[in-house]
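Trainee: I am new to this structure. Please take me through one part of it closely, and show me how that part connects to the rest.

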Amino acid sequence: MATTSKKQSVFPKYEKVLEQMGENIKMARKRRKLTMIQVAERADIARSTLHLIEQGSPSVAMGAYFNVLRVLGLQDDFLKLAADDELGRKLQDLELLK
């Protein structure tokens, strides 16, 4: 059975967010004076995958992003994703007022 995977697409106006995240990861690696090869090996990913991560590619699995952050000691940053759900709280508050 052939497996088909759908390419992730991101609206152009949001691509900059991913690019900034990739740049942040790249700067964190450089501040630690780690090479791409060192980080890729420790994260158990290909160097080319790390390159895509540092570009903010939406095609890379979230697990690969997590493993790179783990190598950099930034794994707890994942807990910040959607932690401050301002819109969700406003929607919930509106529902509670009914």
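**Helix α3 and its surroundings**

Mentor: Start with a pair of helices. The axes of α2 and α3 lie 9 Å apart, and the two helices pack at an angle of about 105 degrees. Angles of 65 to 115 degrees count as roughly perpendicular, so α2 and α3 are roughly perpendicular to each other. Keep in mind that this is a predicted model.

Now look at who meets whom. From α2 come Met36, Ile37, Val39 and Ala40. They meet Arg47, Leu50, His51 and Glu54 of α3. By type, the residues of this contact are five nonpolar, one polar and two charged.

Between these helices there is a loop, and Ala46 is found in it. Ala46 has a relative accessible area of 41%, so this residue is partly exposed. Compare its position with Leu69. Ala46 and Leu69 are 23 residues apart in sequence, and their C-alpha atoms are 15 Å apart in space.

Turn next to α1. Helix α1 covers residues 12-31, and helix α3 covers residues 47-55. They pack at about 120 degrees, with axes 5 Å apart. That angle makes α1 oblique to α3. On the α1 side, the contact is made by Leu18, Glu19, Gly22, Glu23, Ile25, Lys26 and Arg29. On the α3 side, Leu50, Ile53, Glu54 and Gln55 take part. Here the residues divide into four nonpolar, two polar and five charged.

Pick out Glu23 in that contact. Glu23 lies in helix α1. At 35% relative accessibility, Glu23 counts as partly exposed. Its distance to Gln55 is worth a look. Glu23 and Gln55 are 32 residues apart in sequence, yet 6.7 Å apart in space, C-alpha to C-alpha.

The next partner is α4. The axes of α3 and α4 come within 11 Å and cross at roughly 90 degrees. That makes α3 roughly perpendicular to α4. Thr49, Leu50, Leu52 and Ile53 of α3 make this contact with Ala64, Tyr65 and Val68 of α4. The tally is six nonpolar, one polar and no charged.

Now move to the core. The largest nonpolar core has 17 residues. Ile25, Val39, Ile45, Leu50, Ile53, Val68 and Leu72 touch the most other members. The elements that give two or more residues to this core are α1, α2 (36-43), α3 and α4 (62-71). Helix α4 gives the most, with five residues.

Finish with the rings. A search of the whole structure finds one aromatic pair. The pair is Phe66 with Phe78, and the arrangement is edge-to-face. Their centres are 5.2 Å apart, with 85 degrees between the planes. Phe66 lies in helix α4 and Phe78 in the loop between α4 and α5 (86-96), so the pair ties together parts that are 12 residues apart in sequence. Phe66 is partly exposed, with a relative accessible area of 30%. Phe78 also counts as partly exposed, at 21% relative accessibility.

Notes
Residues are numbered from 1 along each chain as its sequence is written. This is a predicted model: local features need pLDDT of at least 70, side-chain atom pairs count only at pLDDT 80 or more; totals for chains, interfaces and linings use all residues. Side-chain values use heavy atoms; hydrogens and water are left out. Axes are lines fitted to C-alpha atoms, for helices over the stretch in contact, and angles run from 0 to 180 degrees between N-to-C directions. Helices (H or I, at least four residues) and strands (E, at least two) are DSSP runs, numbered from the N terminus. Angles under 35 degrees count as roughly parallel, over 145 as roughly antiparallel, 65 to 115 as roughly perpendicular and the rest as oblique. Contact means heavy atoms within 4.5 Å. Ala, Val, Leu, Ile, Met, Phe, Trp, Tyr, Cys and Pro count as nonpolar, Asp, Glu, Lys and Arg as charged, and the others, Gly among them, as polar. A nonpolar core is a set of buried Ala, Val, Leu, Ile, Met, Phe, Trp, Tyr and Cys residues joined through side-chain atoms within 4.5 Å. Buried means under 20% relative accessible area, exposed over 50%, partly exposed in between (1.4 Å probe, protein chains only). Rings of Phe, Tyr and Trp (its six-membered ring) pair if their centres lie within 6.5 Å; planes under 30 degrees apart count as stacked, over 60 as edge-to-face and the rest as tilted.
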